[in-house]
Amino acid sequence: VRFTVWSDILCPWCYVAAVRLHQVARTQGDDVAIAWRAFMLRPEEQPRDLAKFRHYAQSWRRCAEAEPGAEFHYWGGDAAPPSFSLPPLVATKVAATFGPDAFDAYHLALLRAYFVDNRTVSDTQVAVDVASTVGLDADEFALRLERDGPEHVDAVVTDHKAALGLGFAAVPTVVIGDDPSTGDILTGAMPVAAYLRVIRKGRGEDER
């Protein structure tokens, strides 16, 4: 069963969905394939007021209550809030060039850097630092980010435009199957049990 997930690193519910889907991937093995696609909730760079952002971050409590496995801290420090969805999504595209396992580790680590460590994940140095925490060569990561950045920007924009073309307006959005125009769609961070039901259905198991 293939899940194609449109999400944004800056979305707290996408972090919840990522924690749950990574759990599903660990337990279901080859019965599920998960492909991550970019959706930009903040497609234009715009600085954010720190005091207002701290107030906004209190809304993450709902996400924390919904998924205890996704730890949240509510931005008590003085780091600048991320200003733009594009840079962290580009960083995940770079991580994918190191292989699927590298992407999985980096993806979760970048989400944690934002929601747990309260780091400015739209900052290039933060993106590189996170790469080193998951065992990637930081210098090589920085090189690929700089050298191949335009290619990965195009990939993020292509993902985003595809989502808009399909009528997606919220993330996370999960498409079941290989064809987004015809596959079943799950909108929002679904419970693990909901994802497992989809897999059982794909196996042809009796749901009764």
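Visitor: Which element gives the most to the lining of the largest pocket?
Guide: Bearing in mind that this is a predicted model, the answer is β2, which contributes 5 residues to that lining.

Visitor: What volume does the largest pocket have, and how many residues line it?
Guide: Its volume is about 280 Å³, and 15 residues line it, with Ile34, Trp36, Pro100, Phe103 and Asp104 lying nearest the centre. The elements that give two or more residues to this lining are α1 (12-28), β2 (33-38) and α5.

Visitor: And how do the residues of that lining divide into nonpolar, polar and charged?
Guide: In the lining of the largest pocket, 9 residues are nonpolar, 2 are polar and 4 are charged.

Visitor: Let's turn to the helices. At what angle do α4 and α5 pack?
Guide: Helix α4, covering residues 86-96, packs against helix α5, covering residues 100-115, at an angle of about 155 degrees, and their axes are 8 Å apart. Since angles over 145 degrees count as roughly antiparallel, α4 is therefore roughly antiparallel to α5. The crossing in which α4 passes α5 is right-handed.

Visitor: Which residues meet there?
Guide: From α4 come Pro88, Ala91, Thr92, Ala95 and Ala96, and they meet Ala102, Phe103, Tyr106, His107 and Leu110 of α5. The residues of this contact comprise 8 nonpolar and 2 polar, with no charged ones. Phe103, in this contact, was also named among the residues nearest the centre of the largest pocket.

Visitor: What about α4 and α8, at what angle do they pack?
Guide: Those two pack at an angle of about 110 degrees, with axes 9 Å apart, so α4 and α8 are roughly perpendicular to each other. On the α4 side the contact is made by Leu86, Leu89, Val90, Lys93 and Val94, and on the α8 side by His152, Val153, Ala155, Val156 and Asp159. By class, the contact of α4 with α8 holds 7 nonpolar residues, 1 polar residue and 2 charged residues.

Visitor: Switching to the backbone, is the peptide bond from Val171 to Pro172 cis or trans?
Guide: That bond is cis, with omega near 0 degrees, and Pro172 sits in the loop between α8 (149-165) and β3 (173-176).

Visitor: And Trp75, is its phi positive or negative?
Guide: Trp75 has a positive phi, about 60 degrees, although it is not a glycine. You will find Trp75 in the loop between α3 (60-66) and α4.

Key: Residues are numbered from 1 along each chain as its sequence is written. This is a predicted model: local features need pLDDT of at least 70, side-chain atom pairs count only at pLDDT 80 or more; totals for chains, interfaces and linings use all residues. Side-chain values use heavy atoms; hydrogens and water are left out. Axes are lines fitted to C-alpha atoms, for helices over the stretch in contact, and angles run from 0 to 180 degrees between N-to-C directions. Helices (H or I, at least four residues) and strands (E, at least two) are DSSP runs, numbered from the N terminus. Angles under 35 degrees count as roughly parallel, over 145 as roughly antiparallel, 65 to 115 as roughly perpendicular and the rest as oblique. A crossing is left-handed if the near helix is turned anticlockwise from the far one by less than a right angle, and right-handed if clockwise. Contact means heavy atoms within 4.5 Å. Ala, Val, Leu, Ile, Met, Phe, Trp, Tyr, Cys and Pro count as nonpolar, Asp, Glu, Lys and Arg as charged, and the others, Gly among them, as polar. On a 1 Å grid over the protein atoms alone, a cavity is a set of points where a 1.4 Å probe fits but cannot get out, and a pocket is an open set with protein on both sides within 12 Å along at least five of seven lines; lining residues have an atom within 4 Å of a point. Grid points are joined across faces, edges and corners, and a volume is the space filled by probe spheres set on the points.
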